[in-house]
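I set out to record what can be looked up in one structure, entry by entry. The sequence and the model are placed here for reference.

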Amino acid sequence: MAFANPILRNSHAKPSEDQLLQILNYASDVEAQVSTWPDCVPDEWGYKPSHTFDDLPSHESKLYVYSRRCDLYQDIWVANTWNSYRSTQLMIQYLILQSLAYLNPDHSSPLGRRIATSISRVQELCDDICASVPFNLGNKTFGGPLDRKEVRYPDDGVTKPTDDYRKSAAGLGG
């Protein structure tokens, strides 16, 4: 994808339609390949919703949960691996949307519909990243020493966060 940056960032010359279609096709191929990664990870790398913060008053739960979502992962490393995957997907979507913006297709055309699909995908990826924040950082909204016992982390009601998890999360800023 490195070949696309000079073409898309050159403010002196508008890329040709052929160049833009080449970038778009390449980015779409990379997207298709990268999108298979979730199907290849072990089952224990999956994530699931937490309801830990459901018992908080609604004005407080808004501080800790994104759009009524808070996802649980096997550990912080797995959560960060998922977010690296999502970040990679966001970069791919950026290339696709950048190319489509130059092409300026009619919204009812296949390329125009691709814009809507990419925007929807960007929102989905951002929502997934935001839903991982409570797992990574807990409900800490204040400064102070790391690993304070009053910081709440999401759980599934069965498995509670371990001391090692709390220390790792504290190291990330939670």
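The entries below follow the order in which I looked things up.

**Entry 1. The model**

I noted at the outset that this is a predicted model.

**Entry 2. Helix H6**

I began with helix H6, which covers residues 110-137 and has 28 residues. From its first C-alpha to its last I read 41 Å, close to the 40 Å expected at 1.5 Å a residue. I then looked up which residues of H6 are buried. Among them are Gly112, Ile115, Ser118, Arg121, Leu125 and Asp128. The list also includes Ala131, Ser132, Pro134, Phe135 and Asn136. After H6 comes Gly138, and I recorded a positive phi for this residue, near 70°.

**Entry 3. Gln89**

I next asked which residues Gln89 is in contact with, leaving aside its neighbours within four places in sequence. The contacts are Glu31, Val34, Ser35, Arg121 and Leu125. Two of these names, Arg121 and Leu125, I had already written down among the buried residues of H6.

**Entry 4. Salt bridges**

Side chains of opposite charge can pair when their charged atoms come close. I found 5 salt bridges in the structure.

One of them joins the side chains of Arg114 and Glu31, at 2.7 Å from N to O. This pair links distant parts of the chain, since Arg114 is in helix H6 and Glu31 is in helix H2 (residues 17-34), 83 residues apart. Glu31 counts as buried, at 14% relative accessibility.

Another joins Asp128 and Arg86, at 3.8 Å from N to O. This pair, too, links distant parts of the chain: Asp128 lies in helix H6 and Arg86 in helix H5, 42 residues apart. I marked both Asp128 and Arg86 as buried. Arg86 and Asp128 also belong to a network of salt bridges, in which they are linked with Arg69 and Asp71.

I also looked up the salt bridge between Glu124 and Arg121, at 2.8 Å from N to O. Both residues lie in helix H6, 3 residues apart, which is about one turn of the helix. Glu124 is partly exposed, with a relative accessible area of 39%, whereas Arg121 is buried, with 18%.

**Entry 5. Aromatic rings**

How many aromatic pairs does the structure hold? I recorded 8. The pair I examined is that of Trp37 and Trp45, which is tilted, with 6.4 Å centre to centre and 55° between the planes. Trp37 counts as partly exposed at 26% relative accessibility, while Trp45 counts as buried at 18%. Ring pairs link Trp37 and Trp45 into a cluster with Tyr47, Tyr73, Trp77, Trp82, Tyr85 and Phe135. I returned here to Arg86, whose charged end sits over the ring of Tyr47, 4.9 Å from the ring centre.

**Entry 6. Cysteines**

I searched the whole structure for disulfides and found 0. Cys70, by contrast, is buried, with a relative accessible area of 3%.

Definitions and conventions:
Residues are numbered from 1 along each chain as its sequence is written. This is a predicted model: local features need pLDDT of at least 70, side-chain atom pairs count only at pLDDT 80 or more; totals for chains, interfaces and linings use all residues. Side-chain values use heavy atoms; hydrogens and water are left out. Helices (H or I, at least four residues) and strands (E, at least two) are DSSP runs, numbered from the N terminus. The expected span of a helix is 1.5 Å times one less than its number of residues. Buried means under 20% relative accessible area, exposed over 50%, partly exposed in between (1.4 Å probe, protein chains only). Contact means heavy atoms within 4.5 Å. A disulfide is a pair of cysteine sulfur atoms within 2.5 Å. Rings of Phe, Tyr and Trp (its six-membered ring) pair if their centres lie within 6.5 Å; planes under 30 degrees apart count as stacked, over 60 as edge-to-face and the rest as tilted. A charge sits over a ring if NZ of Lys or CZ of Arg is within 6 Å of the ring centre and within 35 degrees of the ring normal. A salt bridge is a side-chain nitrogen of Lys or Arg within 4 Å of a carboxyl oxygen of Asp or Glu.
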